[in-house]
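This report looks at sheets, a packed helix and a chain contact in turn. Please keep the sequence and the 3D view at hand while reading.

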Protein chains: 2
Amino acid sequence: MLKYKGENIMELDDRKKKILALVVENYIESAEPVGSKQIADNYENDISPATIRNEMKQLEEIGFLEQPHISAGRVPSTLGYRYYVDNLMSNNTLSMVDIDYINNNIVSYGSVEKTLEHAADVVSKLLNLPAVLNIKTTDVVENVKILKISEKILLIILMSNSGNVKDVIVQITDSLPETRMDELSRLLNKNLKGTPLENLSLALNDVVKKELSKFSNILNEMEHIVRKELDEPKNNMKGNMESLLALPEFSNTNEIKKFLNVVNTKEIINEVLNKIDKDDISVIIGNENNQMLLKDYSLISLDFTATDTTSATLGIVSPKRVDYKKAVSTLKAVNDRLKKIFGKEKEDKDGARKED
Amino acid sequence: MLKYKGENIMELDDRKKKILALVVENYIESAEPVGSKQIADNYENDISPATIRNEMKQLEEIGFLEQPHISAGRVPSTLGYRYYVDNLMSNNTLSMVDIDYINNNIVSYGSVEKTLEHAADVVSKLLNLPAVLNIKTTDVVENVKILKISEKILLIILMSNSGNVKDVIVQITDSLPETRMDELSRLLNKNLKGTPLENLSLALNDVVKKELSKFSNILNEMEHIVRKELDEPKNNMKGNMESLLALPEFSNTNEIKKFLNVVNTKEIINEVLNKIDKDDISVIIGNENNQMLLKDYSLISLDFTATDTTSATLGIVSPKRVDYKKAVSTLKAVNDRLKKIFGKEKEDKDGARKED
DNA sequence: ATTAGCACTCATAATATATGAGTGCTAATT
DNA sequence: AATTAGCACTCATATATTATGAGTGCTAAT
């Protein structure tokens, strides 16, 4: 059995390539093992099913196809998908509808995180699969502002060095005179400046301990809210259950449980995502990653550098049978869009956001 | 067949009551039709299964129990559940763990909506079911403030008459001199004051049309973001898929699809929720509501008045087989907690939030 | 009024028996 | 030498067939 990416590279002849592509695409489409007759019907030049069978047998022998059982059609192996993704897959152009959807729904939301979250939403909706978003930032707090909204409501705004903004509304029990506001502001600035956004609630906890006596009602409340509101898990799942339920892979409930369990465990996903290439789109198929629990699934993701201090991976998790072509082109388009938003490229007329 | 809530009220003797309660509770617990032997085993005074069978038969005749098929045990009918909820259900006291969880996780978040959303989260987590939250507010915008966060980032804060606060971060392409800030502020206040929060994006759209020439980059952006961020559907679902998958009712995927479809269609849920009593806990079982699509499900919900202008319904949707006792006691505890937060009751030491 | 006894029902499980899609191989055809 | 018709073979799935047993309702005895 020859290795495709390894010592000896198997060069497939055109007919084998065409047949492999057809098997992959038919299987992605139908979720049923693909038989020789089906391929013969779809093959442009007339060849008999018998010939196709011979070819398919060879494709199986070199490890590109698999048979669920002896009298079934063929299903792509991980290696088969890989060869398809690397060599056979045409780069699909997205429909105008999809492009519009991307441009209209991914816009700058002032905060890097919110923008990326919307991007993840968009990816999830377009591909009908749960999206994973993993933001890594080394941003630190640069400035804290306090705004008195009303007698008993304060708005506390935290600005980071790269322009990220987070804010929390804090309700206090007794109103605060102007002078004390200034004091609170100085105190927060002194204590929080330089704190990595990731550690915000920890740092705040320290502030509470140190300065509680002075502003007990505010600090306590704030620490509590920050913990709940800002300290969300870094690995976000944007999901849409209905679309998963529609996949034949998930006709039985146990498979859904297994999948959700894997997808919701950020350690599992991150272990894989941490190894992908910077600023590029990665396709990781089945057991190509060494995470046993992910062996039946694929991750297709984009690594994106938003600012000097913030980067993210954004992608989808799905069964191995997935429309790689559409997924990759969608992520490419999202990448282009994000680049524009974060100023990595000149804005051009065509890609600019349309007002509707 | 006698009507329980109708003209003729069936008075059950103690033994029948006890048996009905046992059937309901066993069925809620096991999800399997309950047989006479099982009841006999759990019944405190020794009675034979044969006697139980006679009683069960009568309970079936008056419409409190049903048989899936002739040789199966009994399952409570809608009427049976109803009688149980109204007359037989002891009011369970929640565990200290649950009470603590409620007190620690439902706190004031400055905005009524956020607070209620957290409450919905808590209810969903405690009961392992999707929670529905439906907030009705007649609040209007009272004041708009603009804060320059940095050269190109503005924070726009909208305050309502009852102290609700919403804010959006807007990124602009060209920085704005101080004088123009004031102009923008006046303009927004003039145009938005008095706008019901519900119509915000519509009103903003008008502003954009009218005043676009002056502040095109800001207004456009703002309208866009408001539409996406604030104009979320009023009927929120807080859900936890895994817990649903664990229910035997949802062992087959189609049932899940049906359920999710119903639960995610806010019109269906609202049609029922709009009829429940103000400031009270309602239990609506199966076809008691006239929504055919909800006939296999129950809604247990709390109507809560948060401020003069804002009220909400908060509850759970589930298969008819659900722990009514725990659901009702949880909502009661949540109600108490919310009352304290929204100042409807004196705070007391015991229920006060604990710092951990 | 209660209950032991027993025939009866019917969902579920276990088993046996088609059906047919798809294969691999051989031998004939191009 | 490459292709393909022909055919026996495999095995998942569907259908039919037959236990199994939990639970009932009724009758007659307690």
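## The sheet of chain A

In chain A, eight bridges connect β4(A) with strand β5 (residues 153–160), and the two strands run antiparallel; helices (H or I, at least four residues) and strands (E, at least two) are DSSP runs numbered from the N terminus. Within this pairing, L154(A) in β5(A) is the bridge partner of K148(A). This is a predicted model, in which local features need pLDDT of at least 70 and side-chain atom pairs count only at pLDDT 80 or more, while totals for chains, interfaces and linings use all residues; side-chain values use heavy atoms, without hydrogens and water, residues are numbered from 1 along each chain as its sequence is written, and chains are lettered from A and ligands numbered from 1 in the order in which they are written.

The open sheet of chain A has three strands in the order β4-β5-β6, paired in antiparallel fashion, where two strands pair if DSSP finds at least two bridges between them. Because β4 (141–150) and β6 (165–171) of chain A are the edge strands, each with a single partner strand, one side of each is left without a neighbour in the sheet. From one strand to the next, the twist averages 20°. Helix α7 (residues 178–192) of chain A packs on the sheet and touches β4 and β5 of chain A, its direction making about 155° with that of β4(A); contact here means heavy atoms within 4.5 Å, and axes are lines fitted to C-alpha atoms, for helices over the stretch in contact, with angles running from 0 to 180 degrees between N-to-C directions.

## The sheet of chain B

In chain B, β4(B) is joined by eight bridges to strand β5 (residues 153–160), again in antiparallel fashion. β4(B) and β5(B) form a hairpin that has two residues between them. Along the pair, S150(B) stands opposite I153(B), and K148(B) stands opposite L154(B).

## The contact between the chains

What area do chain A and chain B bury between them? The value is about 3900 Å², with 55% of it on carbon and sulfur atoms; buried area is the accessible area (1.4 Å probe) that two parts lose on being put together, summed over both. The contact takes 44 residues from chain A and 44 residues from chain B.

Six residue pairs, both residues at pLDDT 80 or more, are in polar contact between chain A and chain B, a polar contact being a pair of N or O atoms within 3.5 Å; within protein, one must be able to donate a hydrogen and the other to accept it, and residues adjacent in sequence count only if both atoms are side-chain atoms. On the side of chain A that touches chain B, α8(A) gives the most, with seven residues.
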